[in-house]
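I am opening a notebook on this structure. The entries follow the order in which I looked things up.

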Amino acid sequence: MKRVFCPKCDNQLAFDETKYPEGKVLAFVCPQCGSQFKIKLGRKIVRTESGQEKEVKEPDFSCGHITVIENVFGFKQELPLVMGDNVIGRRNKDTDGVDVPIITSDPSMGRKHCVINVKEDKEGKLIYTLRDFPSLTGTFLCSVLVGKKEQVRVGEGAIVTIGATTFILHVPGGEEE
């Protein structure tokens, strides 16, 4: 299943892309706002608001990534991390400052919920730390609440719960701490 977003209201629509050939243009009508828009399958170029086209880059997992577990609020997602602070939260078209936006309808997840910091130590090994943003519902590492001003070191396979949504941290090479 492929998911697309309405350019007007940001409503999520899903369809089975395997039923259509690559290069096919599909037209959609958003059930929420009635807006009409088109997409082209197999295309890696998008049009910006100013009308210019830009190439969409493949995600870079060189600094690790998180896998959001599929649940009642959303589907499985793999989101890349970058060096420095990665602010993680619920995707919203009006929210700025979220580096890792999770597409979900989970009302208990904040727009800016937690932060995973990625940095290199003296030997060039990546170090990951987790902290709450702060959020209203808290951030849990393996079912243990992370304190409001606490910063916890995490590694491969760390299970983090924010609101009712859980994700797993993956580091390059899968090196377990």
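Entry 1, a pocket. Which residues lie nearest the centre of the second largest pocket? I note that the model is a predicted one. I looked up the lining and found 15 residues, of which Phe-5, Asp-10, Arg-91, Ile-103 and Thr-104 lie nearest the centre. I then sorted the lining by class, which gave five nonpolar, six polar and four charged residues. For the volume of this second largest pocket I have about 250 Å³.

I counted secondary structure in the protein chain and got 17 strands and zero helices. The chain has 177 residues, and 38% of them count as buried. I also checked contacts with a separation of 6 or more, and 39% of these are between residues 24 or more positions apart.

I traced six strands in the order β8-β7-β17-β16-β13-β14, and their pairing is antiparallel.

Gln-77 and Leu-79 make up the covered face, while Glu-78 and Pro-80 make up the uncovered one. Strand β7 (residues 65-68) is joined to β8 by four bridges, and the two run antiparallel. Across this pair I find His-65 opposite Pro-80.

Further along the sheet, I checked β13 (residues 139-141) against β16 (residues 159-162). Three bridges join these antiparallel strands. Phe-140 has Thr-161 of β16 opposite.

Is Thr-165 buried or exposed? Its relative accessible area is 1%, and under 20% counts as buried, so Thr-165 is buried. The side chain of Thr-165 makes a polar contact of 2.8 Å with the side chain of Asp-106. Setting aside neighbours within four places in sequence, I list Val-68, Asn-71, Thr-104, Asp-106, Met-109 and Val-160 as contacts of Thr-165. Thr-104 had already come up in the pocket, where it is one of the residues nearest the centre.

Entry 5, strand β11. How many of the seven residues of β11 are buried? I get five for this strand (residues 114-120), so β11 is largely enclosed by the rest of the structure. I looked up its pairings next. Strand β9 (residues 84-90) pairs with β11 over five bridges in the antiparallel sense, and Val-87 stands opposite Val-115. Seven bridges join β11 to β12, also running antiparallel. Here the bridge partner of Asn-117 is Thr-129 in β12. I recorded β11 and β12 as a hairpin with five residues between them. In the turn, Gly-124 has a positive phi of about 90°.

Leu-130 is buried, with a relative accessible area of 1%. Not counting residues up to four places away in sequence, Leu-130 touches a list of residues that includes Val-115 and Ile-116, as well as Thr-139, Leu-141 and Val-160. Val-152 is also among them. I checked that last pair by position: Leu-130 and Val-152 are 22 residues apart in sequence, and their C-alpha atoms are 5.1 Å apart.

Methods. Residues are numbered from 1 along each chain as its sequence is written. This is a predicted model: local features need pLDDT of at least 70, side-chain atom pairs count only at pLDDT 80 or more; totals for chains, interfaces and linings use all residues. Side-chain values use heavy atoms; hydrogens and water are left out. Two strands pair if DSSP finds at least two bridges between them. Buried means under 20% relative accessible area, exposed over 50%, partly exposed in between (1.4 Å probe, protein chains only). A polar contact is a pair of N or O atoms within 3.5 Å; within protein, one must be able to donate a hydrogen and the other to accept it, and residues adjacent in sequence count only if both atoms are side-chain atoms. Contact means heavy atoms within 4.5 Å. On a 1 Å grid over the protein atoms alone, a cavity is a set of points where a 1.4 Å probe fits but cannot get out, and a pocket is an open set with protein on both sides within 12 Å along at least five of seven lines; lining residues have an atom within 4 Å of a point. Grid points are joined across faces, edges and corners, and a volume is the space filled by probe spheres set on the points. Ala, Val, Leu, Ile, Met, Phe, Trp, Tyr, Cys and Pro count as nonpolar, Asp, Glu, Lys and Arg as charged, and the others, Gly among them, as polar.
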